[in-house]
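Hello,

Here is the structure we spoke about, for your files. My notes on its pockets and cavities follow below.

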Amino acid sequence: MIDELWYKNAVIYSLDLETFMDANGDGVGDFEGLIRRLDYLQFLGVDTLWLAPFQPTPNRDNGYDISDYYGVDPRHGTSGDFVEFMHQAHKRGLRVLIDLVINHTSDRHPWFQDSRARNSAKRDWYVWADRRPADLDEGMVFPGVQKSTWSYDRKARAYYFHRFFAFQPDLNIENPEVRAELRRVMGFWLQLGIGGFRLDAVPFALETVDPARGPGPLRFDYLTELRRFLQWRSGDAVLLGEANVTPEEVLPYFGGDGGDGMHMMFNFYVNQHLFLALATGQVDTLVEALRATREIPAEAQWVNFLRNHDELDLGRLEDAERETVFRRFGAEERMRLYGRGIRRRLAPMLGDRRHEELAYSVLFALPGTPVLRYGDELGMGDDLSLRERDAVRTPMQWADEPQGGFSAAERLVLPVVGEGVWSYRHINVAAQRRDPSSLLNWVGGMIRLRKECPEIGRGDWVVLETGDPHVLALRYDWRGNSVITVHNFARTPCEIELDPAVPRGERLSNLREEQELAADRDGRHRIALDALDYRWYRVGGLDYAVRTPRPFTSSRAAGAAGSSAPRTRRARRRSRSR
Ligand code: GLC
């Protein structure tokens with residue numbers, strides 16, 4: 001049964017098995033380690049995990065080069081460990097999304113190895129060209145690192161197409177056998193209890209490539225096929241798409257008005273404009289981006305994020321805008337990647353706690369479902385001495401212990417950050433758990449707050465006029481309840497007025513602080529904001545009290561009811577300040 005569009009108010013946590021927790025001491029994270037850390041994730045308050053690829057892989061692209069879709073890479077454990085993990089996750093009410101990489105396989109995959117023989121039954125599973133394609137060095141996803149999109153294979157005596165690196169040959173999704181096999185892959189993991197897939201590199205997975213004519217139209221019918229199969233197998237499983245496309249291109253990815261495509265898509269467009277707003281302190285282009293991505297089918301949802309496991313891609317900004325973000329957050333050449341992005345984590349980019357809180361608070365307040373990146377809840381740093389995107393993939397910092405408590409091994413899959421202000425000595429779970437004012441505990445509080453506001457995931461929203469170019473004010477309405485969030489992106493204080501958006505005299509209850517009303521004596525809503533300040537209000541009272549008809553008793557008749565009224569008010573005040 002469809003569980004009330006659960007994904008619309010989920011809080012997703014993304015992690016990579018490899019760098020999360022190593023239980024067996026071989027320097028690589030594993031399922032047993034992840035199982036031991038599920039209580040931590042439950043304590044944090046997230047309800048959905050997204051696991052990066054963990055299947056067998058030569059691991060030349062962080063596992064996004066799969067050599068067997070039906071197993072677990074031995075470095076992470078066994079299929080038995082996976083099933084145990086699923087059991088433990090479900091026991092704690094956590095749903096699990098996994099990556100589905102269907103655009104390409106590893107070149108080590110037996111399918112590709114078979115395909116290299118000219119007369120093989122699998123020949124047509126990949127995209128081959130007998131002659132040297134003219135566009136061989138066009139359309140690279142990793143410019144500056146990737147050399148071409150077609151490579152010659154001696155054994156095959158032909159060129160094969162690869163949108164990504166040469167060791168990631170593209171599958172031919174026009175081949176019905178390939179489609180049938182990928183359905184089996186989906187069916188396999190769904191049967192093991194996963195809650196859905198993060199569909200990798202969707203625009204490329206849907207493209208068809210003709211060696212003579214280049215890329216053809218996108219096969220959205222294939223997306224519909226995937227969605228239908230998914231839903232037949234598991235009624236409430238979801239597809240979350242990675243498609244960094246323009247707002248004009250979005251609709252077919254959601255399946256058009258019928259909504260039979262992806263349930264959710266990462267909002268890359270808003271992400272990039274959010275970083276522009278964080279860099280400049282001005283919110284106008286962010287507001288435009290929100291409006292440009294507003295119209296999506298009723299059951300579809302955006303997923304918002306701050307950082308992920310890749311570079312912060314700024315490719316959708318105007319050149320001058322991108323330069324502004326580069327200057328502010330990626331000033332040095334070594335911080336930049338592929339000409340369009342920044343390979344840094346959130347905390348070092350923003351540089352101070354206030355800015356981080358603002359960014360996180362906005363993330364939770366944006367229309368859609370939030371996803372957090374492991375370690376960002378602690379304010380973990382990056383390691384720019386590492387290769388490309390590895391800079392932002394260092395192991396989770398659990399404690400001020402050797403290897404940050406991640407592993408007992410001497411050599412790790414990637415080194416922990418052990419020097420300087422971002423070192424695990426200063427930034428780790430153990431220390432932050434105990435400190436009530438830590439970023440970790442603050443993030444936990446924000447997750448609880450977001451969960452108290454289902455209006456954000458489900459409701460209608462409007463941007464409220466504040467008259468201040470640095471302030472983003474959003475109002476959500478759903479089933480008679482409303483929430484207003486206000487964020488000051490400037491490093492200077494300001495005062496805004498929410499009238500006429502909020503009717504005069506209407507109560508605004510602060511959801512984070514004791515302060516009850518934001519309305520002045522004249523009934524207007526003037527809000528004084530500090531630099532980088534943020535507010536969450538519920539329109540009207542908080543109304544925690546459950547109204548059950550009280551039975552008539554003799555003590556009530558004696559007038560005790562009157563004296564109980566102040567007690568009720570005190571109790572309600574306490575609940576608000578929690
Ligand atoms: C996606 C992943 C990225 C990977 C690429 C190729 O963009 O996010 O990490 O390198 O696909 O699979």
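The lining of the largest cavity is made up of five nonpolar, three polar and three charged residues. Please keep in mind that this is a predicted model.

The residues around the largest cavity are S14, W50, R198, E242, F266, F268, F305, R307, N308, H309 and V371. Its volume comes to about 60 Å³.

The second largest cavity has about 50 Å³ of space. It is lined by 13 residues, and those nearest its centre are V245, V250, N267, Y269 and W302. Two elements, β11 (264-266) and α9, each give two or more residues to this lining. Sorted by class, the lining of the second largest cavity holds nine nonpolar and four polar residues, with no charged ones. The lining of the largest cavity, by contrast, does include charged residues, three of them.

In total, the count of cavities of 30 Å³ or more is seven.

Now the open space. The largest pocket has a volume of about 840 Å³, and 37 residues line it. V141, F204, N244, D313 and R340 are the lining residues that lie nearest the centre of this pocket. The elements giving two or more residues to its lining are α7 (202-205), α9 (268-280) and β13 (312-313).

Regards

Key:
Residues numbered from 1 in each chain as written. Predicted model: local features only at pLDDT ≥ 70, side-chain atom pairs only at ≥ 80, totals over all residues. Heavy atoms only, no water. 1 Å grid on protein atoms, 1.4 Å probe; cavity = no way out; pocket = protein on both sides within 12 Å on 5 of 7 lines; lining within 4 Å. Points joined across faces, edges and corners; volume = space filled by probe spheres on them. Helix = DSSP H or I, 4+ residues; strand = E, 2+ residues; numbered from the N terminus. Nonpolar A, V, L, I, M, F, W, Y, C, P; charged D, E, K, R; others polar.
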